[in-house]
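This report goes through a structure chain by chain. Please keep the sequence and the view at hand while reading.

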Amino acid sequence: MSREVYERLVEEFPETSLEYLEEKDPAISVKADDLFEVARHLKEKQGYDYLSAVTGVDYPDRFEVVYHLYSMREKKGVVVLKVHASKEDPEVPSLVPLWPGANFQEREVYDLIGIRFAGHPDLKRVLLWEGYEGHPLRKDFPTEGYQTIGQEELS
Amino acid sequence: MTEEEYIDQQIKRNVVITTIDKIYNWGRRSSVWPMSFGLACCAFEMICAAAARFDLARFGMEMMRPTPRQADLMIVAGTVTKKMAPQVVRLYDQMPEPKYVLAMGACAISGGPFKDTYNVVNGIDTYLPVDVYVPGCPPRPEALLEGFIKLHQMIEGQTILTSPWYRKEVEREMPVPVLGPQGLVIPGEGDE
Ligand code: SF4
């Protein structure tokens with residue numbers, strides 16, 4: 001499924017650098033700058049009307065955001081888009097204008113991994129509370145967690 | 001039968017001598033009303049225990065009160081997240097005396113599978129005085145019933161003379177933790 005979509009994308013966007021990742025679940029790698037236009041094309045021209053998941057991944061050298069797209073009307077999918085974000089300043093464009101369902105999912109990725117979504121209407125923490133420090137699903141977050149009261153007596 | 005013999009007989013039949021404690025504790029332990037709230041998967045075992053097969057009504061506990069003002073027992077059934085813990089402590093503070101806490105499941109006892117993570121409290125006994133621990137993940141309803149029986153035994157062993165809730169000098173209100181930058185902080189006690 002991703003193969004045909006990829007070939008059509010290459011025709012439509014000759015000047016952008018797309019990459020086809022042949023894995024167990026084939027994916028299309030997109031540059032963050034082109035993400036919005038590619039996603040808009042997929043939604044409006046190819047009928048992918050359902051954004052099922054927005055996932056953040058923390059790799060040693062980069063952050064990655066993964067999008068899973070389906071088409072409810074034409075019953076097709078899945079198309080996987082992958083976007084890289086830098087370690088120092090992770091930011092990718094928000095897809096909320098295309099799929100409103102991305103709203104809370106992007107907030108969750110921001111909350112737990114700390115990737116910012118440019119253009120998100122209300123980017124704030126969704127699971128943790130306001131005023132929390134750090135992003136707990138990052139690999140550099142202390143595994144044992146921060147000290148909580150009562151722990152000193154136990155250990 | 002003379003009148004005196006008759007009165008004697010009636011006294012034997014109708015007068016019982018016992019201690020205040022016994023009556024008081026019998027009344028209390030026969031109608032412990034739990035508060036109906038569940039925090040995670042353990043709550044379903046609690047619901048099971050209340051339903052027909054295990055039937056909490058046999059212990060006088062079928063009245064699950066949806067308000068802390070009418071409850072005697074707080075069953076902490078499930079994972080206490082840091083975001084939820086202040087509300088749990090607040091509910092405890094709103095319960096009238098005498099009140100008891102039962103920690104149900106590994107999560108409520110120690111954090112369970114989520115111990116030492118960024119969002120889960122390492123056991124509700126950090127913030128509340130727990131009377132009965134029911135281990136398991138989740139505990140079966142029988143285990144919960146055993147916990148209730150233990151609680152009843154504990155109530156029967158208490159005496160009105162030393163019960164803390166009739167004493168003026170005993171402070172039983174637990175401080176409500178607040179959400180800090182990395183976890184829960186008890187106000188006035190410095191950082192965690
Ligand atoms: S102890 Fe187990 S069953 Fe109970 S709330 Fe925790 S994870 Fe769920």
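What share of the 192 residues of chain B counts as buried? The share is 40%, where buried means under 20% relative accessible area, exposed means over 50%, and partly exposed lies in between (1.4 Å probe, protein chains only).

## Basis of the report

This is a predicted model, in which local features need pLDDT of at least 70, side-chain atom pairs count only at pLDDT 80 or more, and totals for chains, interfaces and linings use all residues. Residues are numbered from 1 along each chain as its sequence is written, chains are lettered from A and ligands numbered from 1 in the order in which they are written, and side-chain values use heavy atoms, with hydrogens and water left out.

## Chain B as a whole

Chain B holds six helices and six strands. Helices (H or I, at least four residues) and strands (E, at least two) are DSSP runs, numbered from the N terminus. Their order along the sequence is α-α-β-α-β-α-β-α-β-α-β-β. Chain B is more spread out than a compact globule, because its radius of gyration is 21 Å, well over the 16 Å that the globule rule gives for 192 residues. The radius of gyration is taken over C-alpha atoms, and the globule rule is 2.2 Å times the number of residues to the power 0.38. The C-alpha trace of chain B spans about 85 × 45 × 25 Å along its principal axes.

Contact means heavy atoms within 4.5 Å. Of the contacts in chain B with a separation of 6 or more, 74% are between residues 24 or more positions apart.

## Charges and cysteines

Chain B carries 19 positive and 23 negative side chains, and the centres of the two sets lie 4 Å apart. Lys and Arg count as positive and Asp and Glu as negative, while His and the chain ends are not counted. Each charge is placed at NZ of Lys, CZ of Arg, CG of Asp or CD of Glu. In chain A, the mean positions of the 19 positive and 31 negative charges are 5 Å apart.

A disulfide is a covalent bond between the sulfur atoms of two cysteines. Here a pair of cysteine sulfur atoms within 2.5 Å is counted as one, and the count over all chains is zero. Is B:C41 buried or exposed? B:C41 counts as exposed because its relative accessibility is 59%. B:C107, at 10% relative accessibility, counts as buried.

## Loops of chain B

B:R172 sits in the loop between helix 6 (141-156) and strand 5 (178-179) of chain B. B:R172 is partly exposed, with a relative accessible area of 22%. Leaving out residues up to four places away in sequence, B:R172 touches B:Y92, B:E97, B:K99, B:P164 and B:W165. B:R172 and B:P129 are 43 residues apart in sequence, and their C-alpha atoms are 9.4 Å apart in space.

One of those partners, B:E97, is joined to B:P98 by a cis peptide bond with omega near -15°. B:P98 belongs to the loop between helix 4 (85-94) and strand 3 (100-104) of chain B. The bond from B:C137 to B:P138 is also cis, with omega near -10°; B:P138 is in the loop between strand 4 (132-134) and helix 6 of chain B. B:D55 is not a glycine, yet its phi is positive, near 60°. B:D55 lies between helix 3 (42-50) and strand 2 (73-77) of chain B, in the loop, and is partly exposed at 27% relative accessible area.

## Chain A

Chain A has four helices and seven strands, in the order α-β-β-α-β-β-β-β-α-β-α. Its C-alpha atoms fill a box of roughly 65 × 30 × 25 Å along the principal axes. Of its 155 residues, 47% are buried.

Which residues are buried in helix 3 (residues 102-112) of chain A? They are A:A102, A:E106, A:R107, A:V109, A:D111 and A:L112. These buried residues pack against strand 3 (50-58) and strand 7 (116-118) of chain A. Just after helix 3 of chain A, A:G114 has a positive phi of about 90°. A:K75, which is not a glycine, has a positive phi of about 50°. A:K75 is in the loop between strand 4 (63-71) and strand 5 (76-85) of chain A, and is exposed, with a relative accessible area of 73%.
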